[in-house]
Amino acid sequence: MTGRSHDARRTADEPSPEELRERIEHTRDQLGRTVEALAAKADVAAQARQKTAAVKEQATEKAALVKGQIRGGVEHVAHLAAEKTPDPVLDKAGRAALITVGAALIVFLLVRGNRRRHR
């Protein structure tokens, strides 16, 4: 038999060699992507690093937000106190407020550092 007689017998539903090559190439691409996805799922260390980075970023953002809220609250309280307090009392209260804010900041930093060590 020649190639012509074989081509003549091919039905309309039968794919051409070029179509078969395209299907094979498409299947290879899909298989490659599937293998890469499975390898990524199996890489527990990489997943842990990604999760750690995400948690660290969230903690940093939350700490910045809380810090801003604390700063805003302290400024507001200081402003109210300045308006209502006589000058001699205001001087002593200002010093006490600074000491309190400094102590609160130190406690916050110590707790934060302690949490990092225990993770």
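Here's a quick briefing on the fold, confidence, surface patches and charge pairing of this chain.

This is a predicted model, where local features need pLDDT of at least 70, side-chain atom pairs count only at pLDDT 80 or more, and totals for chains, interfaces and linings use all residues. Residues are numbered from 1 along each chain as its sequence is written, and side-chain values use heavy atoms, with hydrogens and water left out. In short, the protein chain has four helices and zero strands, and 2% of its 119 residues count as buried.

**Fold and confidence**
- Reading from the N terminus, the order of elements is α-α-α-α; helices (H or I, at least four residues) and strands (E, at least two) are DSSP runs, numbered from the N terminus.
- The chain averages a pLDDT of 83, with 86% of its residues at 70 or more; pLDDT is the predictor's confidence in each residue, from 0 to 100.

**Surface overall**
- The protein chain has an accessible surface of about 10,900 Å², and carbon and sulfur atoms hold 61% of that; areas come from the Shrake-Rupley method with a 1.4 Å probe, and for residues, only the protein chains shown count as cover.
- For single residues, buried means under 20% relative accessible area, exposed means over 50%, and partly exposed is in between (1.4 Å probe, protein chains only).

**Patches**
- Patch members have over 30% relative accessible area and no salt bridge, with like charges joined within 9 Å and nonpolar side chains (Val, Leu, Ile, Met, Phe, Trp, Tyr) within 5 Å.
- K56, K67, R71, R112 and R116 make up a positive patch; Lys and Arg count as positive, Asp and Glu as negative, and His and the chain ends are not counted. Each charge is placed at NZ of Lys, CZ of Arg, CG of Asp or CD of Glu.
- Both α3 (44-84) and α4 (87-117) put at least two residues into the positive patch, and α3 gives the most, with three.
- R71 sits in helix α3 and is partly exposed, at 47% relative accessible area.
- The nonpolar patch is built from V66, I70, V74 and V101, which together have about 280 Å² of accessible area.
- α3 also gives the most here, with three residues; V66 is in that helix and counts as partly exposed at 31% relative accessibility.

**Charge pairing**
- The count is one salt bridge, meaning a side-chain nitrogen of Lys or Arg within 4 Å of a carboxyl oxygen of Asp or Glu.
- E18 pairs with R21, and their closest N and O atoms are 3.6 Å apart.
- Both residues lie in helix α2, three residues apart, or about one turn of the helix.
- E18 is partly exposed at 44% relative accessible area, whereas R21 is exposed at 52%.
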